[in-house]
Amino acid sequence: MTKYHLVKGTRDLLPPETAIWSAVEETAKSVFGLYGYQEIRTPILEHTELFVRTVGESTDIVGKEMYTFDDPKERSLTLRPENTAPVARAFLEAGLHAGPLPVKLYYIGPQFRREKPQKGRYRQFHQIGAELLGAASAYADGELLLMLNRFLRELGFSELEVLLNTVGDAASRAAYSTALREFLAPHTESLSADSRRRLDVNPLRILDTKNPLERELLKGSPALKDYLTEGARAHFATVREVLDRFGVRYRVSEQLVRGLDYYTDTVFEIVSKDLGAQDALVGGGRYDQLVSDLGGPRVPSLGFAIGEDRLIDVLPAAFRVKAAPEAPTLVAARDETIALDTLVQAERHRDQGLAADLAIGLSKKAVIKRSVRARQGVTAVGYPPEEFVVKDAKTGAELRLSLGEYVNWLVKGGKDTDEG
Ligand code: HAM
């Protein structure tokens, strides 16, 4: 036992589970590759200001969930709570905005939010995300959702439905914010401190409230869809047209506003009923002003992030089975005297690209027990030339097998009560 333990809300990922994680990540890389995306790796540490400026002061993430600390020289630093802002920063810092657009990037890695841990909610969690920078067309939104859909299909999901909404362009949002502020003005007294703050900074985020009294109040509020400009309306219609054309299941959810401030126009989430309370598996949308908010030119962009921990919680069983690695062949030596010869045999397996486990000094019984349990084949070296006599299930003929052959016969389903 150790006296040191995991930090609350973090997890160790151990084998064989890690093999499933790798297989999911390889699938993401290959599907995203089909659409021309390439990997980006950014630091886990960023200047705090990056997230305050983009994710937004009105959000829970910036308001209470960031791991922020002061560095004596660098001032305030934060463990990234999400990766869209860092990718946009890196895009600008590398001058990619001046090259050919769009730029298509994906990432896989840990994110940190100091949330109350529960099933499906961790303080260090992992995202698989994609960002498409420099694409204004609504067909780009459609294609991004097709890529996400293809990835989830490849993992064997079939039941998932996209929740879709538009939060409008800047002009739609300005008009709606005014209307919502006017509607809520007589009720400010009964709003929570959080909502009052949001009313000032980004009124749209009030629609995300979980407070029952506020939910009731909002029932009579103006609807965002009535304030959309022609352009925003047409953009959203085209996104839906693409999804319809390719038979991607989606439902328009007017309540969906997302928990980060940088979104414009299309927003979406994918939820899974198998996840319980923390049911959001994927979140994403368009962020046409994020790059210019960081001091760059206007670069209309969009993306998504999949919660990898949650994805793996509800991963279809067939993918798990396919992803589980085959047990290495057991190359077993009776004792140390033939260890070198056995090592040569094990290396020969590996020369041919076959995995091998070396075991020295196992008894005959131990070889049988271990390899039958792990369902692994055996190459046995130096065991007495005894023969195991078994009956062939089909022909009824008597077979005389060496230790290695005998174990392989058992592993393939042969049954014998007399184990040598
Ligand atoms: P988000 O909705 O905050 O969006 O997170 C995306 C996904 O990360 C969620 O749907 C969920 O599956 C997972 N997730 C979030 N917090 C936790 C947690 N505490 N524990 C486990 N999983 C969690 C973003 O992060 C945006 N950057 C997505 C995006 C990319 N938008 C445009 N591009």
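Modeller: The discussion below covers the ligand site, the salt bridges and a surface patch. This is a predicted model, in which local features need pLDDT of at least 70, side-chain atom pairs count only at pLDDT 80 or more, and totals for chains, interfaces and linings use all residues. Residues are numbered from 1 along each chain as its sequence is written, and side-chain values use heavy atoms, with hydrogens and water left out.

Biologist: Which residues come nearest to the ligand?

Modeller: Glu-82, Glu-115, Tyr-122, Tyr-263 and Ala-280 come nearest, out of 26 residues around the ligand. A residue counts as near when one of its heavy atoms lies within 4 Å of the molecule.

Biologist: What is the make-up of that shell by class?

Modeller: The shell has eleven nonpolar, eight polar and seven charged residues. Here Ala, Val, Leu, Ile, Met, Phe, Trp, Tyr, Cys and Pro count as nonpolar, Asp, Glu, Lys and Arg as charged, and the others, Gly among them, as polar.

Biologist: Which polar side-chain atoms lie 2.9 Å from the ligand?

Modeller: One belongs to Arg-113 and lies 2.9 Å from an oxygen atom of the ligand. Another belongs to Glu-131, at 2.9 Å from a nitrogen atom of the ligand. From the backbone, an N or O atom of Phe-304 is 3.3 Å from a ligand nitrogen atom.

Biologist: Which elements give two or more residues to the shell?

Modeller: They are strands S6 (124–133), S10 (280–286) and S11 (301–307). S10 gives the most, with six residues. Strands (E, at least two residues) and helices (H or I, at least four) are DSSP runs, numbered from the N terminus.

Biologist: Changing topic: how many salt bridges are there in the whole structure?

Modeller: A search finds 23, a salt bridge being a side-chain nitrogen of Lys or Arg within 4 Å of a carboxyl oxygen of Asp or Glu. One of them joins Glu-115 to Arg-121, at 4.0 Å from N to O.

Biologist: Are those two buried or exposed?

Modeller: Both Glu-115 and Arg-121 are buried. Buried means under 20% relative accessible area, exposed over 50%, and partly exposed in between (1.4 Å probe, protein chains only).

Biologist: What does Glu-161 pair with?

Modeller: Glu-161 forms a salt bridge with Arg-251, with the closest N and O atoms 3.3 Å apart. Glu-161 lies in strand S7 (residues 161–166) and Arg-251 in strand S8 (residues 250–252), so this pair ties together parts 90 residues apart in sequence. Salt bridges that share partners also join Asp-60, Lys-64, Asp-194, Arg-197 and Arg-198 into one network.

Biologist: Where do Asp-60 and Lys-64 lie?

Modeller: Both are in helix H3 (residues 60–65), four residues apart, about one turn of the helix. Lys-64 counts as exposed because its relative accessibility is 51%, whereas Asp-60 is partly exposed at 30%.

Biologist: Lastly, which residues form the nonpolar patch on the surface?

Modeller: Leu-340, Leu-343, Leu-358 and Ile-360 form it, with about 350 Å² of accessible area together. Patches are made of residues with over 30% relative accessible area and no salt bridge; like charges are joined within 9 Å, and nonpolar side chains (Val, Leu, Ile, Met, Phe, Trp, Tyr) within 5 Å. Helix H13 (339–351) and strand S13 (356–360) each supply at least two of the patch residues.

Terms used: Accessible areas come from the Shrake-Rupley method with a 1.4 Å probe; for residues, only the protein chains shown count as cover. A polar contact is a pair of N or O atoms within 3.5 Å; within protein, one must be able to donate a hydrogen and the other to accept it, and residues adjacent in sequence count only if both atoms are side-chain atoms.
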